[in-house]
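This report goes through one protein model, from its overall make-up to single residues. The sequence and structure come first.

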Amino acid sequence: MQICSVCSEQTPKYRCPSCKIRYCSLGCYKKHKDTCLPIEKPASPNPESEDAAGSAEPWSVDDLLHEDDIIDKVPLQRLQLLGQSAELRDLLCNPHLRRLLCSVDDAESKEAAIKAAMQEPLFVEFADQCLKVVENEGSALTSND
């Protein structure tokens with residue numbers, strides 16, 4: 001399991017959009033942003049798209065992330081149930097699913113990658129099983145199937 005790259009204490013929930021390090025909280029992000037070293041992207045083959053992106057006002061995680069506003073946050077105890085699920089372990093034995101998960105994790109646009117992955121029945125089955133585990137805390141704890 002990974003730990004926060006800033007405080008080295010908590011499980012990271014977020015990733016810096018500039019340098020891709022993982023951090024656990026808004027406080028850690030604020031500490032990190034002063035020393036952040038952005039990863040250089042390869043030159044764009046289409047200079048017009050670069051000009052369009054350059055004219056847009058830059059955004060930061062602060063613009064998007066306010067910890068108190070997160071309503072779909074899954075508590076750590078429920079997330080830990082994912083590691084105890086035999087059904088998820090069985091699904092993760094499938095190399096195609098593992099490749100799909102890696103492609104989502106590596107994607108620059110997570111939203112687009114998940115949307116594409118959701119076209120795969122195997123990924124949908126995995127996502128449904130994850131939701132089943134975290135939403136049915138009581139039955140997941142007592143289930144020994």
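## Overall make-up

The model is predicted, not experimental. The protein contains nine helices and two strands. Read from the N terminus, the order of its elements is β-β-α-α-α-α-α-α-α-α-α.

The protein has 145 residues, of which 23% are buried. Taking contacts between residues at least 6 apart in sequence, 45% join residues at least 24 apart.

## Helix α6 against helix α7

Helix α6 spans residues 95-106 and helix α7 spans residues 110-117. Their axes come within 8 Å and cross at roughly 160 degrees. Because angles over 145 degrees count as roughly antiparallel, α6 is roughly antiparallel to α7. The crossing of the two helices is right-handed.

On the α6 side, the contact is made by S103, V104, D105 and D106. On the α7 side, K110, A113, I114 and A117 take part. Sorted by class, the contact of α6 with α7 has four nonpolar residues, one polar residue and three charged residues.

## Helix α6 against helix α8

Helix α6 also packs with helix α8, which covers residues 121-135. Here the axes are 10 Å apart and the angle is about 80 degrees. The range from 65 to 115 degrees counts as roughly perpendicular, so α6 and α8 are roughly perpendicular to each other.

From α6, the residues in this contact are H96, L97, L100, L101 and V104. From α8, they are L122, F123 and F126. By class, the contact of α6 with α8 has seven nonpolar residues, one polar residue and no charged residues. V104 of α6 is named in the contact with α7 and also in the contact with α8.

## Cysteines

How many disulfides does the count come to? The count is zero disulfides. A disulfide is a covalent bond between the sulfur atoms of two cysteines. For C19, the closest cysteine sulfur is that of C36, at 3.7 Å. The cut-off for a disulfide is 2.5 Å, so the sulfur of C19 is too far from that of C36 for a bond. C19 is buried, because its relative accessibility is 12%. C130 also counts as buried, with a relative accessibility of 17%.

C7 lies in the segment before β1, a strand of residues 14-15. C7 is partly exposed, with a relative accessible area of 23%. C7 and C24 are separated by 17 residues in sequence, and their C-alpha atoms are 8.2 Å apart in space. Leaving out residues up to four places away in sequence, C7 touches C24 and C28.

## Serines in the loops

Is S85 buried or exposed? S85 counts as buried, because its relative accessibility is 5%. S85 lies in the loop between α4, residues 76-82, and α5, residues 86-91. Apart from residues up to four places away in sequence, S85 touches Q129 and V133.

S18 is in the loop between β1 and β2 and is partly exposed, at 33% relative accessible area. In sequence S18 and C36 are 18 residues apart, while in space the C-alpha to C-alpha distance is 7.5 Å. Beyond its neighbours within four places in sequence, S18 is in contact with C36, P38 and I39.

## Positive phi values

S8 is not a glycine, yet its phi is positive, at about 55 degrees. At 47% relative accessibility, S8 counts as partly exposed.

K20 also has a positive phi in a residue other than glycine, with a value near 70 degrees. K20 is found in the loop between β1 and β2, the latter made of residues 22-23. With 35% relative accessibility, K20 counts as partly exposed.

Note on methods
Residues numbered from 1 in each chain as written. Predicted model: local features only at pLDDT ≥ 70, side-chain atom pairs only at ≥ 80, totals over all residues. Heavy atoms only, no water. Axes fitted to C-alpha atoms, helices over the stretch in contact; angles between N-to-C directions. Helix = DSSP H or I, 4+ residues; strand = E, 2+ residues; numbered from the N terminus. Parallel < 35°, antiparallel > 145°, perpendicular 65-115°, else oblique. Left-handed = near helix turned anticlockwise from the far one by under 90°. Contact = heavy atoms within 4.5 Å. Nonpolar A, V, L, I, M, F, W, Y, C, P; charged D, E, K, R; others polar. Buried < 20%, exposed > 50% of the residue type's maximum accessible area, 1.4 Å probe, protein only.
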